[in-house]
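Colleague: Please take a close look at the ligand site in this model. I would welcome a connected account of that site, followed by its setting in the chain.

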Amino acid sequence: MCGIIGYAGNKNPMPILIGGLKRLEYRGYDSAGIAILNAKKFYVQKSVGKIEQLVKKISYRQNIEGGVGIGHTRWATHGKPTLTNAHPHNSCDNKIWVAHNGIIENYKDIKNQLIAKGHKFKSETDTEVIPHLIEEYSKKGFDFKKSVRLAMSDIKGTYALTIINSDEPDKLIAVKNSSPLLIGITKNGQYFAASDATALLTHTREIIYLNDKEMAVLNGTGYQIETISGQSINKKIEVLKEKEESIQKSGFPHFMLKEIFEEPEAVENAINGRLIYKEGTAKLGGIETIKNELSKINHLTITACGTAYLAGQIGEYLVEELSGVSSKVEYASEFRYKNPVIKNNSAILAVSQSGETADTLAALYEAERKNCLTLGIVNVVGSSIARQTHAGIYNHAGPEIGVASTKVFVSQLSVLILLALFLGRQRNLSLTEGKKIIMELSSLPKKMRQILKQAPLIKKMARKYSKFDNFLYLGRKYNMPIAYEGALKLKEISYVHAEGYGAGEMKHGPIAMINKNFPSVAIATTNSVYEKMESNIEEIKARNGRVLAIATKGNKKITKLADDVIYIPKTLEPLEPILTVLPLHLFAYYFGVLRGFDVDKPRNLAKSVTVE
Ligand code: F6R
């Protein structure tokens, strides 16, 4: 959701900005633009649609020898995706250009005040007030940095900003508050600002994460970091470990398919080095310091959004079953606005791939305000949620580029199993049970690879069902959230209507929809609720509904009930979701591709939802 790249140095900023914007494409956008400043001359270009449209409008051969530049991919919030609304935006005197990710909440008031002072606005965006506000302070005689600072004290909201100003043409100022922004540095005078590190991997691995209300001033000879109030700060330089291949398609037609095929590896990376077989427990370095507090908690609230929320739903069952600690999953977007009751000895766990989801972050702020212990399961190292929590566990799944989350979902499930196991072993879970879970968890990647071998069959199924426009996904217990996840993935990627339902709820409404044109995907693995699922399938068949079942290998009986069956290997019931979700991810992927959609960048969606 909006991507920002900024550059200060002695190279031509044009290809650096365009390359960075391409790397940020996965975040989701509908228009793009750049502004470069060299020797007091601006080169500005914007376009609606894909970066390729922007590239067509500019010439790389334009020989710009160094300077400062800012680039932006915009995901429309205030105003349609038009050329006029595309960033960067400028001041009346054309000296100040700004790219912004976030929302300026009081922009209407500021805009009216600026209009009264004679400022002319072109766009419908909230962002446009920023260059005009900075201009207003510059006119009063303040230098660039001070004008930015004063402008920041006037605005309310969330922002990651990159700003350039032809009055001080060697400077790029980057400011952060609640929206993601980091700085990249090199030893040879190249400085960068970006929404995330993937945009910078080809240039540098040395990163400085900005905190809220901090700003960086970059130029070709160095960088300074200060708080918005002007206090200079010394920040730690972190070195990224991500491999370049992790952001390449590596021969796969789409990132989504590559990432589905990386699901077994994502489980391995989540559990490697974290299993202590002889103690039947997990070793989780990130929560080691608070293990005594964790041994005393009697409630765990899990909060997240979207697919991460669905992982949290399974987490709720896992924590209760393995540890006996009461647990509840809550949408972060609800938790932040209701008045959540936080009892003594409870903790909140935020689950997030990006670590930047605005609602999840806000839920954590709310919990912290009520003195609750905060934990995180986060994939992106150094992200806002990772830094906001008291302690946490990283997924180590590597960058996830496909907008629809796949490999990180199974990674989240793996970490939730480890956490539930850890809490369980602190309480009443027996050593034997703990060892059984560890053994089974370790065998999952192999079983997942067996499922992946069935990709051609799943593709065939997707083709067979691709003529339908409505789907019901059903599951019970641990597989109920998998029914939701299967449906969510199908609708995101293919734009067909798919509803996930707890199968026990089918008779209370959705059964009314069933007919021969409304197929159901039923997760009917051999477990404690299998017979119940079998009855649901019978009920659908009795109403001429078609059924595609996900069943456990060896269940021949189901072929007589369901129209089509995809088999998965047997595992422990609490671990089943890691296997049952895999065919559903593949099904959604092939379905979307067959319908001719860009599955890596589904319409209207953003990878990192940094505004609420
Ligand atoms: C769906 C999907 C989203 C995210 C949600 C939360 O495929 O990817 O529903 O799961 O936006 O994102 P994170 O995990 O980054 O907090």
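Predicted model: local features only at pLDDT ≥ 70, side-chain atom pairs only at ≥ 80, totals over all residues.

Modeller: The account below begins with the ligand and then turns to the rest of the chain.

The shell around the ligand holds 14 residues, of which Ser 352, Gln 353, Ser 354, Thr 357 and Glu 492 come nearest. Sorted by class, this shell has 7 polar, 5 nonpolar and 2 charged residues. Among the elements, helix 9 makes the greatest contribution, giving 3 residues to the shell. Helix 9 spans residues 306-323, and together with helix 16, residues 480-494, it makes up the set of elements that give two or more residues to the shell around the ligand.

In the side chain of Thr 357, an N or O atom lies 2.4 Å from an oxygen atom of the ligand. For Ser 352, a polar side-chain atom is 2.6 Å from a ligand oxygen. Thr 307 takes part through its backbone instead: one of its polar backbone atoms is 3.1 Å from an oxygen atom of the ligand. As for burial, the ligand taken alone exposes 410 Å², and the protein buries 90% of that area. The space that the ligand takes is the second largest pocket.

The record gives a setting for this region. An unreviewed UniProt entry carries the annotation "domain: SIS" over residues 290-429 and 461-602. Over residues 290-429 the chain is 46% helix and 21% strand, with its end C-alpha atoms 20 Å apart. Over residues 461-602 the corresponding values are 39% helix and 20% strand, and the end C-alpha atoms are 22 Å apart.

A second annotated site deserves mention. The unreviewed UniProt entry places the feature "active site" at Cys 2 and Lys 607.

Two backbone features remain to be noted. Most peptide bonds are trans, and most residues other than glycine have a negative phi. The bond joining His 87 and Pro 88, however, is a cis peptide bond, with omega at about -5°. Pro 88 is located in the loop between strand 4 (67-74) and strand 5 (89-90). Asn 94 is not a glycine, yet it has a positive phi of about 60°. This residue, Asn 94, lies in the loop that runs between strand 5 and strand 6 (96-104).

Terms used: Residues numbered from 1 in each chain as written. Heavy atoms only, no water. Near = heavy atom within 4 Å. Polar contact = N/O pair within 3.5 Å; in protein donor to acceptor, adjacent residues only side chain to side chain. Areas by Shrake-Rupley, 256 points an atom, 1.4 Å probe, with all protein chains shown as cover. 1 Å grid on protein atoms, 1.4 Å probe; cavity = no way out; pocket = protein on both sides within 12 Å on 5 of 7 lines; lining within 4 Å. Sits in = over half its atoms within 2 Å of the grid points. Helix = DSSP H or I, 4+ residues; strand = E, 2+ residues; numbered from the N terminus. Nonpolar A, V, L, I, M, F, W, Y, C, P; charged D, E, K, R; others polar. UniProt positions renumbered as here; feature names shortened; annotations may be inferred.
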